[in-house]
Amino acid sequence: MLQEAKDLQQRAVAELMKRTDGNKKELTFRAPTGSGKTRMMADYMNRVLTAHQNIVFLVSTLSKGNLAQQNYDVFRSCAEEGIFPAIDAHLISTEVSGEETLFIPEDHNVYVLPRDLFKKNGRLMQGPMLNFLRTMTGNYFGIGRKKHIYLIKDECHQATNNLDAISENFFERIINFSATPNLRRGQAPDVQISDDEAVQAKLIKRVELVDDETAPVEAAVSKFLEIKQAYRNLLKVNPCLIIQISNKEKAEEEWNEHIKPALDKHQELKWMVIVDKKANLCDTNDDVKKKLPVERWKDYAKSNGSTIDVIVFKMVISEGWDIPRACMLYQVRDTRSTQLDEQVMGRVRRNPRLLDFETLTDEAQKLAMTAWVWGIKPENMKQTHPVTLWKSESVNLQDYIRVKTTRLTNLTHKKGFKIEDAVTPYTKPVHTSIFNLYTKLARSENDVQNLCYTYAHDDISRWWTFMEQIDRIRKLYGTYICDYSQSMEADKETSFPVSSSYVDNGNHNECEDWVWCRKGKSDTFSFDSEAERRWASVLEKLAKKNGAKVRINMFDEDYRYLWGKNFPHNSEIKYEYYLNGIHASYPDFILKDKNGRIHIFEVKSVNKSASVQINEEEYNLKVNELKECYKVCSSLLPNHVFYLPVEKEDSWDIYKYEEGKEDTISVEQLKENINQD
């Protein structure tokens, strides 16, 4: 998993821990589907349980799609593998023989409760659940174990009326987890990971929405056939198209009249329709799988190695079914169908190669990070606009603007470094708990983990030797990687990608005659922040006065100026820096001047706004690290100048880095710098 993804998850959990220490009884944590919500829940519980042994968690989980069982399996696996060893999970069940009394054991600290078991006339409601809570808390004549119970509501947008009715008596804290919290129930997020953050960290895919509401199902099938082989070759994953149809009587009509005829045209595709067994809407053209019980089809269909290409479901697939190989979603339109929302879309946004994403080629990463969706646009989802690099029959702008990049190297690249020398001489057997050591390794930087695996191979004694010195090795690694004069090296030369996209965040500007164009659209573009929008206006004036330009028409004075926004999607223009892990800086703008120099800008702002909340400590750490990074970048890359323009009220402080030297300049001085001969 990329370090950015780990850091994003850990920062969110750390923030939830801070909020838990406050006085607010009910907190809400929001993270998009596919961003690792269950794992973050486990991390949070592990941190709380490590610090407070007198706390017990009750995790209320939807029964749909065996979600309770899935969560329990994750919690148990994390504990057994030593990742979150403080967790001791138990799955509450009512499956006992007729003569037995339903009993919930009291010696665990995490209890997973399928929500639907705790309902009127259910066996849990007939005494066992309340007896358990009274015993754990001592809230019954003062007799009990005096535990503090924290209730976690997974998928909290779903009602839990019976638990809510007893919350005042038994639950000290209530923590809501969901991708779509219910604001009408007061579930405004206290801590959240935004979709943009999750996409940037490569936790979830970006979505390409197909706006044409009349697009037939054949359009989705054609697109699927277009990318299927690339998915297999580049990602080693069999991709999947999900087709979502209506509930009840409309489903049969949609299947028989629209979907099945379209699929029958492509006999090479394997499909499953898993809708309604009673209505005979469960079928497959895979003769081998047809012999399996229907309830086992979903388990087979979700595995990365499954040969099922198309899965047809009704509207209720919104929760509890993980299928990372799904990359396309088509919703059959029907006036009675529910709106395609984030829960449903989340089925196709999971990263199919999350755990080893960094090992993929650039081409494979781009493919893994795209989801195609035909359906109604969710109201809360911002519009994504495709952009293309301007090109004609005689001019390709990629040939005219070439940008060099840098990367950080592993400790093994250090001159004279040998892993055996770093480990063996310092061996002092301590034999700390293997669970504690494994947790420490799991939270270490990816490069440190790779060093461990390189050194130990399959030798457990060498693993112990490495792990008993991991703190010293992490310090050694940190000293090296933070010294950019040693760890940084020039990487490849690249340019703007042929195609990219941006999310419409408002902050609109008209940018005429720069490198980007929107097919059939105006020259209006959106920027990530108001500061970026303002800086784009500054650069546009500079580019037209002192920037390089390319004549795109031999017969008139028609030019494109060589500057543009570095839209992160598909971009290879990036510079690695270290901040509790290796991260990539995708600078905001690139400009080439008349003298052929490349000017690189990363825009920042310290102005406060209602829409953007700045964590000053994190901001300062990042800015200071970028300064060190750009300083060394400028010394490694001749003819490249790096800038950090920081907006303060109505003015700009611009940190300039050229040939390894730092200077602070104004906008007027920047104009002179770009104009110099």
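At what angle do helix H14 (residues 434-442) and helix H16 (residues 460-467) pack, and how far apart are their axes? The two helices pack at an angle of about 70°, with their axes 11 Å apart, where axes are lines fitted to C-alpha atoms, for helices over the stretch in contact, and angles run from 0 to 180 degrees between N-to-C directions. That angle makes H14 roughly perpendicular to H16, since angles under 35 degrees count as roughly parallel, over 145 as roughly antiparallel, 65 to 115 as roughly perpendicular and the rest as oblique.

This is a predicted model, in which local features need pLDDT of at least 70 and side-chain atom pairs count only at pLDDT 80 or more, while totals for chains, interfaces and linings use all residues. Residues are numbered from 1 along each chain as its sequence is written, and side-chain values use heavy atoms, with hydrogens and water left out. Helices (H or I, at least four residues) and strands (E, at least two) are DSSP runs, numbered from the N terminus.

## Confidence

The chain has a mean pLDDT of 85, and 89% of its residues reach 70 or more; pLDDT is the predictor's confidence in each residue, from 0 to 100. Over residues 335-340 the pLDDT is below 50, although this stretch has 20 contacts in the model beyond near neighbours in sequence. Where pLDDT is low, the predicted coordinates should not be read in detail.

In the contact between H14 and H16 (heavy atoms within 4.5 Å), Ile 434, Leu 437, Tyr 438 and Leu 441 of H14 meet Trp 463, Trp 464 and Met 467 of H16. The residues of this contact divide into seven nonpolar, no polar and no charged, where Ala, Val, Leu, Ile, Met, Phe, Trp, Tyr, Cys and Pro count as nonpolar, Asp, Glu, Lys and Arg as charged, and the others, Gly among them, as polar.

A further pair is formed by helix H1 (residues 3-20) and helix H2 (residues 37-51), which pack at an angle of about 45° with their axes 10 Å apart. That makes H1 oblique to H2. Residues of H1 including Val 13, Leu 16 and Met 17 meet residues of H2, among them Met 40, Tyr 44 and Val 48. The contact of H1 with H2 divides into eight nonpolar, three polar and three charged residues.

## Sheets and strand pairs

Seven strands form an open sheet in the order S3-S4-S2-S5-S6-S1-S7, with parallel pairing; two strands pair if DSSP finds at least two bridges between them. Its edge strands are S3 (89-91) and S7 (191-192), each of which pairs on one side only. H1 packs on this sheet, touching S1 (26-30), S5 (148-154), S6 (171-178) and S7, and its direction makes about 170° with that of S1. Helix H3 (residues 67-80) lies across S2 (55-61), S3, S4 and S5, running at about 160° to S3.

Three strands form another open sheet in the order S18-S15-S20, and here the pairing is antiparallel. The edge strands are S18 (499-503) and S20 (516-517).

| Strands | Sense | Bridges | Residues opposite |
| S15 (residues 384-389) and S18 | antiparallel | five | His 385 and Tyr 502 |
| S25 (residues 575-578) and S26 (residues 582-585) | antiparallel | four | Tyr 575 and Ser 585 |

The hairpin of S25 and S26 has three residues between the strands, and in it Asn 580 takes a positive phi near 55°.
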